[in-house]
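Dear colleague,

Please find below the structure that I am handing over to you, with its sequence. My findings follow directly after it.

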Amino acid sequence: MKSLRWMLAAALVSLSTLALSQADGAKSEAAKSFEQMKTLAGTWEGHVTTVPAMAEMGNDAVTQVSMRVTSRGNSMVHEMRDARNPDDPTKYDHPVTMFYVDSDRLILTHYCDAGNRPRMAAHASADGKTLDFDFLDVAGGTQYGHMQHAAFTIVDTDHHIEEWTYMMPGDKPVRARMEMQRVKDKKVF
C-alpha cells in the first residue's frame, strides 16, 4: 500500500513538472510581447515632439522615463516626467502606466494626470519591433480628455521610440513622439 502511494505521488509530481515545462515552451503572444517590454527596464531620456505643436512644450522639451519590472515579474511600471520640472508628482505631470498580461492579452493601464485610467491592449507588428496598444475602455471622467493609443518601438538595446495619442475634449487628437535613449550611470528619478 505504501509503495502504491509513493508511485502515485511520484506520478503526480512528474505530470505537474511536464505541465509546467509545456506551459513555458508554449508561451502566448502576449507573454512573448511582455518579455520584449521587460527589456526596456531602466532609465530613459529623450526629446518630445507633438502634433499639433503644444506651446507649453517648447522646442527643447525633454522627458524622463523610468521603467521597472515589479510584482515578481508579473507587471512593469512606466513613470514619465518633464525633465524641466522638479520631481514632485503632486504639482507636476507624472503619469504612471502599468503593463501586465491578462489571459491572452498584454494590457496597459495608464494612470493619467487627467484623473482617469484608460486601458489598452497590445498587438505586435509583423517585424516584432513595435507593440501597438489600442484603446479598450476608460475608467474615470474624460472631461479633460484621455489617452487613446500608445506604441513602443524597440530600435536597439539603448534606444526606443514611444508614441502616445491623447484625445482632447471634442475628440481632437494630440500625438506625442519621444525618441528615447537609455541613461547610463545616472538615475533621473
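The protein exposes about 11,200 Å², of which carbon and sulfur atoms supply 55%; accessible areas come from the Shrake-Rupley method with a 1.4 Å probe, and for residues only the protein chains shown count as cover. Of its 189 residues, 35% count as buried, where buried means under 20% relative accessible area, exposed over 50%, and partly exposed in between (1.4 Å probe, protein chains only).

This is a predicted model, in which local features need pLDDT of at least 70 and side-chain atom pairs count only at pLDDT 80 or more, while totals for chains, interfaces and linings use all residues. Residues are numbered from 1 along each chain as its sequence is written, and side-chain values use heavy atoms, with hydrogens and water left out.

The average pLDDT (the predictor's confidence in each residue, from 0 to 100) is 85, and 77% of the residues score at least 70. Over residues 6-23, pLDDT stays under 50, and the model has zero contacts there beyond four places in sequence; contact means heavy atoms within 4.5 Å. Where pLDDT is low, the predicted coordinates should not be read in detail.

The protein contains two helices and ten strands, which are DSSP runs numbered from the N terminus (helices: H or I, at least four residues; strands: E, at least two). From the N terminus on, the order is α-α-β-β-β-β-β-β-β-β-β-β.

The ten strands close into a barrel in the order β1-β2-β3-β4-β5-β6-β7-β8-β9-β10, with antiparallel pairing; two strands pair if DSSP finds at least two bridges between them. Neighbouring strands of this sheet are turned against each other by 25 degrees on average, direction ignored. Axes are lines fitted to C-alpha atoms, for helices over the stretch in contact, and angles run from 0 to 180 degrees between N-to-C directions.

Strand β1 (residues 42-51) is joined to β10 (residues 172-182) by eight antiparallel bridges, and Glu45 has Gln181 as its bridge partner in β10. Strand β9 (residues 159-168) also pairs with β10 in the antiparallel sense, over ten bridges, with Arg175 of β10 as the partner of Thr165. Three residues lie between the strands in the hairpin of β9 and β10, where Gly170 takes a positive phi near 85 degrees.

Helix α2 (residues 29-38) lies across β2, β3, β4, β5, β6, β7 and β8, running at about 145 degrees to β4. Seven of the ten residues of α2 are buried, so this helix is largely enclosed by the rest of the structure. Among the buried residues are Phe34 and Met37.

Strands β2 (residues 62-70) and β3 (residues 75-82) run antiparallel and are joined by eight bridges; Val65 has Met80 as its bridge partner in β3. The loop between these two strands holds Asn74, which is exposed, with a relative accessible area of 54%. Beyond its neighbours within four places in sequence, Asn74 is in contact with Phe34, Phe99, Tyr100 and Val101.

Finally, Thr130 in strand β7 counts as buried at 18% relative accessibility. Its side chain and that of Thr153 are joined by a polar contact of 2.9 Å (a pair of N or O atoms within 3.5 Å; within protein, one must be able to donate a hydrogen and the other to accept it, and residues adjacent in sequence count only if both atoms are side-chain atoms).

Yours sincerely
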